[in-house]
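Work through the exercises below with the model open. Try each task before reading its solution.

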Amino acid sequence: MADIVLDKVTKSYPDGTIAVHGIDLEIADGEFIILVGPSGCGKSTTLNMIAGLEDITTGELRIGGERVNDKAPKDRDIAMVFQSYALYPNMTVRDNMGFPLKLAKLPKAEIDKKVGEAAKVLELTDYLDRKPANLSGGQRQRVAMGRAIVRNPKAFLMDEPLSNLDAKLRVQMRTQVSRLQKQLGTTTVYVTHDQTEAMTLGDRVVVMRAGHIQQVGDPQTLYDKPVNLFVAGFIGSPSMNFLPATVFPGGLHTPIGDLPIPVKDNAPKDLVLGIRPEHFEDARLVEEALRPRGFEFTLPVDLVESMGSDKYVYFTVEGGKSDLASADLADLAADAGGADLPDQSGLVTRLSAESRVREGADARIWLNLDKIHLFDPSDGRNLTLD
Amino acid sequence: MTAVVEKPRKAARSKVALSEGKRQERRLGWLLCAPAAIVMVAVTAYPILYSFWLSLQRYDLKFPGDREFVWFDNYITVLGNGYWWSAFGVTMLITVISVVFELVLGMGLALIMHRTLIGRGLVRTSALIPYGIVTVVAAFSWRYAWTPGTGYLANLVTPDGAPLTERASALAIIIVAEIWKTTPFMALLLMAGLALVPEDLLKAASMDGASAWQRFVRVMLPVMKPAILVALLFRTLDALRVFDNIYVLTNGANDTRSVSIIAYDNLMKGLNLGIGSTMSVLIFLTVAIIAFIFVKLFGTAAPGAGDEGKR
Amino acid sequence: MPVKLKWGLLDALVVVFAIVPVLWIVSLSFKTTATLTDGNFIPREWTLDNYRTIFQTDQFVRALVNSIGIALISTLIAVVLGTMAAYAISRLDFPGKGLLVGVSLLIAMFPQVSLVSPLFNIERQTGLFDTWPGLILPYITFALPLAIYTLSAFFKQIPWDLEKAAKMDGATQGEAFRRVIAPLAAPGVFTTAILVFIFCWNDFLFAISLTSTEQSRTVPVALSFFTGASQFEDPTGAISAAAVVITIPIILFVLFFQKRIVAGLTSGAVKG
């Protein structure tokens, strides 16, 4: 077990593209850290550099205090779980799990013992003599995990290990991975593009974009205090709503009305307003005491999705889309492929289940002004944080 | 002071230097390829250059004393010679006709092998027989089949003639033998292309009202185009080398010599290294030009052009 | 039912097309000297005399030994060299890779007859003429592109992650190859070996140009020099019998490894 330190680590390719721009990251011993971001953000490259499967162009990588830039993967004593599981098809489950130990030239009795133990933990004892082809997806995934844990390495690296499972199994395995990591206490670096996985699994989450780290922090901090538009939009489901806003002496002009909030003098004139769906409420259900701290507006309801515990209510906002121009938003839209992200002319709100709003009718909506975020569209910076 | 100097130098060095793993990978790559590369180059590049050198000399093994450097005299001799042009024409004729037939028959065979409902294994197995069989063996089979008296085909088709002794019929038989031998190979290459045609695409086309023929022409052929071009390139260049069939069937009699046969005759029967080498170089150039035209015309369709850059 | 019938007829047509010339030479090989020229497709009198004759002549037996020996050695070397190169091409990143692929493509298209004159002269001068190595060398050369292409195609189908996984599991590059890739690659290597063997077994041009005696003449060449048991005997029966003998290994390969051969030939070509 060991800590992992990335010191200004850069990855560039001969053709000049830079996949990772001098990132600094300190991963504590025993920590479960998640690298998350849209595809092409450099998270897998970072993982491969830690693994030793890709060269580090500049910078330094230290595992347990020792510089390992030039060490071959086999000399770094770290295990990896692959998205495709990478099980050796010609070997049984037993041989797959015992393979790293065999390469380390452990005596056979010890290999059998360790494989047996790992199989018990992962409930694979009955399948030890099967070939990977005869296993279900979940079982294969567990064999891949087993192969990583048998050798008790300094660290685990996991490259989207759950993304080949169906949705239900993925949730189950998520809990199992989390429990296993706590039990073993091994430093773990986990790569995913799924923000839900990132939020539920990690001690800390690293949000990456285009080879840069955007923000590092525990899941709640990322959610509550995103440093920029990108993180704000990437973390959370449904995503944060973004609306154009213009500063005027008494507050902010927005498509849903003029918000009476003070804006700092040094802020630019045009801003992006960010509001999470749960910070809206059906105005009729808001307690009197809270009412003055919010802002109320009326809009016709497009669509109501009842989730049982609460309701997702969708609105269309006039003039919401065209004024929003920001690199961060463009990246988010590209990542979501337009599907996951709220249509920027639309507004997603999460209201109490008791709300009586109906499709087609106007609804009176209350917005919690304490929870709004303001972003500088030029660089995406969150202005409400300072 | 020293620290200030030290830092940039270190950074610069690690930028250029590859990690040990990377260097090891390179070294291993070269090491693994070296034997194959050396053998291939040593046995082809050196002899073809040597051949060019020989082609500039008067060099007849029957008169070794007459060896002399004559520049391009041999080329003038060969290119001014009717036999060469006859062989050249025969080679082109055989190539064009056999490749065209092979393409059509091969496409049919590919469709049968790919889509047949029954006995797919049997069809594929029997189609492989012509591919695998020794060309000389097949050629003998054809020769005896067309030998008057002995052959079932000769007695059946040409009861009162000797087809192998007349130029036109002999060439036809040579072409038939070529087609029989290599159509399966063509079909296999085309079948690889057929496998790339998505089944859903064909279903969609028939839902859109396309007939079987329209589906073939409008949907399958465009998807198969790269495979067809690869098959054509390989077979054309292979057909230009035609030797075995002619050697056994007519041995070049009655003006049925191909360029390969005439080059071989000059060397082994005429023992004329100078002229033989000149023909070798000319054949090499012909093939190079045709290959070049193919690759230029069809660009990326050339095998290996697309996917080899990456792993 | 009519659909099946249609396919059945088409299948039958293919089978007949493919097999008749082979059956004809088989038929000839079983005919007696008296009925050899009767032109009947099926022999009226059956005999094994032709086979007895050829196996009693040194000419054929020597040639058979030469054919088998030369083809096996060439196959072995070509497949070993080809496996090494194909592994490097499909799995490693190094400068000069594209060049190697280009060169082997060029050689695959190379007119072999262009090498006959220079090789003839070179081999005469170096003493390789009319020896086994004298044939093995060009066979390896022309088998290598075939081997490299087919094997690279097979190797590319092996999941790349496995090698990374092996490295993460503590294997060196060499160990990753030996323990993980090699067992997965074995079927592809075997298929390639069959294709290369067929190629070497088939060659006529080099064999007739670079040999002059029974010392290294292969069967296809020996066939063309057959004169029968005596100078005045018609060699048709003997040639047919010899032809059948050298066709047997091909038929066996095709019967037992049809799927592999088809996979090998198509996979090498499909990645165009």
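## Exercise 1: Two domains in chain A

Chain A is divided into domain 1 (4–229) and domain 2 (238–375); the bounds come from an automatic or database domain assignment. This is a predicted model, in which local features need pLDDT of at least 70, side-chain atom pairs count only at pLDDT 80 or more, and totals for chains, interfaces and linings use all residues. Residues are numbered from 1 along each chain as its sequence is written, chains are lettered from A and ligands numbered from 1 in the order in which they are written, and side-chain values use heavy atoms, with hydrogens and water left out.

**Task.** Describe how domain 1 of chain A meets domain 2 of chain A.

**Solution.** 
1. Start with the centres. Taken over C-alpha atoms, those of domain 1 and domain 2 of chain A are 38 Å apart.
2. Look for contacts, meaning heavy atoms within 4.5 Å. Nine residues of domain 1 of chain A touch 14 residues of domain 2 of chain A.
3. Take the buried area, which is the accessible area (1.4 Å probe) that two parts lose on being put together, summed over both. Between domain 1 and domain 2 of chain A this is about 930 Å², with 57% from carbon and sulfur atoms.
4. Find the main contributors. A:Arg209, A:Tyr223 and A:Leu229 give 71% of the area that domain 1 of chain A buries against domain 2 of chain A, more than any other three residues.

## Exercise 2: Strand 7 and its neighbours

**Task.** Is strand 7 of chain A buried or exposed? Which strands pair with it?

**Solution.** 
1. Helices (H or I, at least four residues) and strands (E, at least two) are DSSP runs, numbered from the N terminus. Buried means under 20% relative accessible area, exposed over 50%, partly exposed in between (1.4 Å probe, protein chains only).
2. Check burial. Five of the five residues of strand 7 (residues 155–159) of chain A are buried, so the strand is largely enclosed by the rest of the structure.
3. Check each face. In a regular strand the side chains alternate between the two faces of the sheet. On one side of strand 7 of chain A sit A:Ala155, A:Leu157 and A:Asp159, on the other A:Phe156 and A:Met158, and all are buried.
4. Find the partners. Two strands pair if DSSP finds at least two bridges between them. Strand 6 (residues 78–81) of chain A runs parallel to strand 7 of chain A, joined by four bridges. A:Ile78 has A:Ala155 as its bridge partner.
5. Move to strand 8 (residues 187–192) of chain A. Strand 7 of chain A pairs with it in the parallel sense over five bridges, and A:Phe156 stands opposite A:Thr188.

## Exercise 3: An open sheet

**Task.** What is the strand order of the five-stranded open sheet in chain A?

**Solution.** 
1. Read the order: 13-12-11-14-20 in chain A, with antiparallel pairing.
2. Locate the edges. Strand 13 (257–259) and strand 20 (373–375) of chain A each pair on one side only.
3. Inspect one pair. Strand 11 (residues 241–248) and strand 12 (residues 251–254) of chain A are antiparallel, with three bridges. Here A:Phe248 faces A:Gly251 of strand 12.

## Exercise 4: Chain C and its contact with chain A

**Task.** What is the secondary structure of chain C, and how many residues of chain A are in contact with it?

**Solution.** 
1. Count elements: chain C has eleven helices and zero strands.
2. Check burial: 60% of its 272 residues are buried.
3. Go to the interface. Here 24 residues of chain A contact 16 residues of chain C.
4. Give its area. Chain A and chain C bury about 1,700 Å² between them, 67% of it on carbon and sulfur atoms.
5. A:Lys74, A:Tyr88 and A:Leu103 supply 32% of the area that chain A buries against chain C, more than any other three residues.
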